Amino acid sequence: MNVYDATRMADLLGREGYAETADEAEADLVILNTCHIREKAAEKIYSELGKLALEKREREASGREMKIVVAGCVAQAEGEEVLRRQRAVDLVVGPQSYHRLPDLLKQAKGGQRLTDTEFAVEDKFDALPQPSRAQIRARGVSAFVTVQEGCDKFCSFCVVPYTRGAEVSRPVTDIVAETRRLVDAGVREITLIGQNVNAYCGVDEKGAEWSLASLLGRLAEMQGIKRLRYTTSHPVDMAQDLIDAHEAIPKLMPFVHLPVQSGSDRVLKAMNRKHTVADYLDIIARLRRARPDVAMSSDFIVGFPGETDEDFEATMALVREAGFASSFSFKYSPRPGTPGAERADQIDEEVKRARLAALQTLLEEQRQAFNAAMVGKTIDVLFEKPGRHEGQIGGKSPYMQAVHVSGPADMIGEVGRVAIVAAGSNSLAGRLVSAGEEAKA
Ligand code: 5AD
Ligand code: SF4
C-alpha cells in the first residue's frame with residue numbers, strides 16, 4: 001500500500017514540476033513514507049530524520065533549500081508530535097490527505113510548519129492524477145491497483161483500523177478504468193491491493209455490489225492482462241466465490257497470501273481474529289480442491305500477550321501441517337491505543353526472540369524445500385526485466401519466485417515456458433522451452 005501511495009505522490013508532484021531522484025543529496029524535497037505497524041518501523045523514522053536534519057542544515061548554510069515531509073501512518077498516528085520531536089520537519093501529512101500535497105507544500109515553502117491528518121470524506125484516489133504512459137512504462141509490467149482501503153476488523157494487536165480508518169471499497173468502474181490505462185501502456189500483471197482486499201464490496205454504475213471474485217472475473221476478460229493477484233486477505237472474508245474463482249479464472253495466480261497470525265485458537269481469540277485454526281485449514285483444503293497447484297503464504301506474530309509455550313507449539317504444528325511457500329513473521333510489538341498493548345501479561349523479549357528464531361527456521365526450511373521442488377518442472381514465467389548478466393532476462397513464477405533465463409529482451413512483458421534447472425536461496429535458474437520441445441517431452 002505504501003509503495004502504491006508513494007507512486008501516486010510522485011505522479012502528483014510530477015505535475016508540479018518535481019522529478020524523482022534516487023540521490024538524496026540532490027533532492028530539494030524528501031518525503032518519508034512511514035509505517036506504524038511495529039515499533040521498530042516507527043522508531044526508524046526518527047533516526048532517519050536525524051540524518052536528514054544534518055543534511056538540511058548544511059544545505060541551508062550554503063543557501064539551498066531542502067523540505068522534509070513525513071507521510072504515511074506514523075504521520076497519521078503521531079501528527080504534530082513529529083514536528084515537535086524533529087525541528088527539521090516541514091510537513092506531516094496522513095494517507096488521507098495526499099491529494100492536498102501541492103497546496104501544503106506551497107504553504108511550507110512560505111515558511112509554515114504544518115500537519116494535515118484529517119480523515120477526508122472524499123475519495124482521495126479520485127483527487128489524484130493518473131500516471132502518464134511513460135511513467136507507467138518506466139515502472140514495469142507488474143502494477144498495483146488499490147481496490148479497498150482501511151479495516152474494520154480491529155485485531156487486538158493492530159494499529160491499521162486507527163491509522164487507515166474504516167473499510168471503503170472503490171467503485172468498479174474506477175478500478176476497471178485504471179486497470180485499462182495500465183494495460184494499454186504495457187502492464188501485464190495486476191495485483192489488487194487493500195488492507196482487507198477480500199472484504200471488497202464495491203458498486204458498479206447501476207449501484208449493484210460486486211465481490212472481489214466478480215471484480216477479478218471482470219478484469220480477467222480484459223485483453224492484455226496475463227496475470228491477476230490480490231493481497232492481503234483475511235480468513236473471515238475468504239468467501240466461496242473467491243475460492244471458486246481460483247478454479248474458474250486461469251489468469252488468477254495459484255498463490256494466496258492469507259495471514260493466520262497464530263496456530264492457537266486461544267491466542268486467535270485473544271487477538272480478536274474471529275477464525276479458528278480449523279477454519280484456516282479448511283480454507284486451504286478448499287483452495288487446493290479448486291486449484292490443486294495453489295501455494296500459501298502467511299503472516300505470523302509470536303509472543304502475543306499471554307502466549308504460552310503450548311500456544312507457540314500449536315503455531316509450529318500448524319506450519320508443519322499447512323506448509324508455506326513463503327511467509328512473514330514478527331515478534332509482537334505493543335502498539336499505543338490497541339487492546340493488546342494494555343494487557344499485563346506481556347511476553348518477555350527473550351522468549352519472543354527464541355520463538356521467532358524457531359519459527360523462522362521452520363518457515364525458511366519450508367521455503368527452501370518449496371523452491372527446490374521446482375527443479376525439473378516446467379512453469380510459466382512472466383518476464384519483467386533484463387537479467388543481471390548480458391543476454392539474460394528475469395521474471396516471476398506464479399509463486400512470486402524470481403526466475404532468470406538466457407533469452408531475448410523482447411520477451412519482457414511475455415509469459416514464457418521455463419524448465420527450472422536450479423534453485424538458489426533467493427531465485428530459480430531456468431531454460432526457455434519451446435512449445436514443440438515441451439510437447440515432445
Ligand atoms: N506486532 C507485530 N506484528 C504485527 N503485525 C501487525 N501488527 C503487529 C504488531 N503489533 C503484523 C501482522 C500483519 C502484518 C502486516 O504485520 O502479522 O499481518
Ligand atoms: Fe490489522 Fe489486518 Fe487485523 Fe485489520 S485485519 S486489524 S489490518 S491485522
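## Cysteines

Cys 201 is partly exposed, at 38% relative accessibility. Here buried means under 20% relative accessible area, exposed means over 50%, and partly exposed lies in between, with a 1.4 Å probe and protein chains only. This is a predicted model: local features need pLDDT of at least 70, side-chain atom pairs count only at pLDDT 80 or more, and totals for chains, interfaces and linings use all residues. Residues are numbered from 1 along each chain as its sequence is written, chains are lettered from A and ligands numbered from 1 in the order in which they are written, and side-chain values use heavy atoms, leaving out hydrogens and water.

How many disulfides does a search of the whole structure find? It finds zero. A disulfide is a pair of cysteine sulfur atoms within 2.5 Å. For Cys 201, the nearest cysteine sulfur belongs to Cys 151 and is 15 Å away. Cys 155 is buried, with a relative accessible area of 8%.

## Around ligand 1

Which atoms of ligand 1 meet polar atoms of Gln 261, Asp 299 and Ser 333? A polar side-chain atom of Gln 261 lies 2.6 Å from an oxygen atom of the ligand. For Asp 299, a polar side-chain atom is 2.6 Å from an oxygen atom of ligand 1. Ser 333 uses a polar backbone atom, 2.8 Å from a nitrogen atom of ligand 1. A polar contact is a pair of N or O atoms within 3.5 Å; within protein, one must be able to donate a hydrogen and the other to accept it, and residues adjacent in sequence count only if both atoms are side-chain atoms.

## Loops

The peptide bond from Thr 231 to Thr 232 is cis, with omega near 0°. Thr 232 sits in the loop between β11 (227-231) and α11 (240-248). Helices (H or I, at least four residues) and strands (E, at least two) are DSSP runs, numbered from the N terminus.

The loop between α12 (265-270) and α13 (277-290) holds Asn 272. Lys 274 lies in the loop between α12 and α13 too. Neither residue is a glycine, yet phi is positive: about 60° for Asn 272 and about 65° for Lys 274. Is Lys 274 buried or exposed? Lys 274 is exposed, with a relative accessible area of 60%. Asn 272 is partly exposed, at 28% relative accessibility.

Asp 293 is found in the loop between α13 and β13 (295-302). Its relative accessible area is 33%, so it counts as partly exposed. Asp 293 and Pro 254 are 39 residues apart in sequence, but 6.4 Å apart in space, C-alpha to C-alpha.
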